[in-house]
Amino acid sequence: MASALLNTARQIGGALGLAVLSTVSTSAADDKLPEAAGALYRGLAVKDSALVAEAGDALTHGYTMAFAAAVGMFLAGLAVTALAVNAGKQRHVEGAAPVHMG
């Protein structure tokens with residue numbers, strides 16, 4: 001049961017992370033050029049190299065912002081992990097019975 005719960009948590013975390021990164025990428029690209037992906041396809045269809053270049057720049061900007069957001073999420077997770085994990089050296093108490101962990 002614990003394995004299934006861990007797998008479910010990974011699946012949900014991955015889906016939420018992908019949703020956030022996709023939203024960041026699309027929003028940043030649309031801020032630079034509204035409907036950037038559609039503009040790219042239109043530019044390719046009519047062979048408008050200026051529109052293709054502008055759409056490519058907007059999409060690259062979106063991907064860059066998504067990568068920066070991923071770095072931020074990684075660093076936030078790293079900080080939470082560093083603060084939450086408290087695994088100091090275990091001390092053996094004389095006279096205590098050994099405990100099997102596993």
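This is a predicted model: local features need pLDDT of at least 70, side-chain atom pairs count only at pLDDT 80 or more; totals for chains, interfaces and linings use all residues.
Tutor: Residues are numbered from 1 along each chain as its sequence is written, and side-chain values use heavy atoms, with hydrogens and water left out.

Student: How many helices and strands does the chain have?

Tutor: The chain has three helices and zero strands. From the N terminus on, the order of elements is α-α-α. Helices (H or I, at least four residues) and strands (E, at least two) are DSSP runs, numbered from the N terminus.

Student: Why is Ser25 called buried?

Tutor: Buried means under 20% relative accessible area, exposed means over 50%, and partly exposed lies in between (1.4 Å probe, protein chains only). Ser25 has 12% relative accessibility, and therefore it counts as buried. Ser25 is found in helix α1. Across the chain, buried residues make up 13% of the 102 residues.

Student: With which residues is Ser25 in contact, leaving aside its neighbours within four places in sequence?

Tutor: Those residues are Gly62, Tyr63 and Ala66. Contact means heavy atoms within 4.5 Å. Among contacts in the chain between residues at least 6 apart in sequence, 52% join residues at least 24 apart.

Student: Why does Thr23 count as partly exposed?

Tutor: Thr23, placed in helix α1, has a relative accessible area of 49%, so it is partly exposed. The C-alpha atoms of Thr23 and Ala66 are separated by 8.3 Å, although the two residues are 43 apart along the chain.

Student: What makes Ala68 partly exposed?

Tutor: The relative accessibility of Ala68 is 42%, and therefore Ala68 counts as partly exposed. Ala68 lies in helix α3. From C-alpha to C-alpha, Ala68 and Leu21 are 9.5 Å apart in space and 47 residues apart in sequence.

Student: Which residues form the largest nonpolar core?

Tutor: This core has seven residues: Ala29, Leu33, Ala36, Ala39, Ala55, Ala58 and Leu59. The elements giving two or more residues to this core are α2 (36-46) and α3 (49-84). The largest share, three residues, comes from α3. A nonpolar core is a set of buried Ala, Val, Leu, Ile, Met, Phe, Trp, Tyr and Cys residues joined through side-chain atoms within 4.5 Å. In soluble globular proteins, nonpolar side chains tend to be buried together.

Student: Which residues does Ala39 touch, leaving aside its neighbours within four places in sequence?

Tutor: Ala39 is in contact with Leu33, Leu51 and Ala55.

Student: Why are α2 and α3 called roughly antiparallel?

Tutor: The axes of α2 and α3 come within 8 Å and cross at roughly 155°. That makes α2 roughly antiparallel to α3, because angles under 35 degrees count as roughly parallel, over 145 as roughly antiparallel, 65 to 115 as roughly perpendicular and the rest as oblique. The axes are lines fitted to C-alpha atoms, for helices over the stretch in contact, and angles run from 0 to 180 degrees between N-to-C directions.

Student: Which residues of α2 and α3 meet?

Tutor: Ala36, Ala37, Ala39, Leu40, Arg42, Gly43 and Leu44 in α2 meet Leu51, Val52, Ala55, Ala58 and Leu59 in α3. By class, the contact of α2 with α3 has 10 nonpolar, one polar and one charged residues. In these classes, Ala, Val, Leu, Ile, Met, Phe, Trp, Tyr, Cys and Pro count as nonpolar, Asp, Glu, Lys and Arg as charged, and the others, Gly among them, as polar.

Student: How do you know that Glu35 is exposed?

Tutor: Glu35 has 55% relative accessibility, and therefore it counts as exposed. Glu35 is found in the loop between α1 (2-32) and α2. Glu35 also has a positive phi of about 55°, although it is not a glycine.

Student: What makes Pro34 exposed?

Tutor: At 59% relative accessibility, Pro34 counts as exposed. Pro34 is likewise placed in the loop between α1 and α2. The C-alpha atoms of Pro34 and Ala58, 24 residues apart along the chain, are separated by 9.0 Å.

Student: Why is Lys47 called exposed?

Tutor: The relative accessible area of Lys47 is 74%, so Lys47 is exposed. Lys47 is in the loop between α2 and α3, and its phi is near 60°, a positive value in a residue other than glycine.
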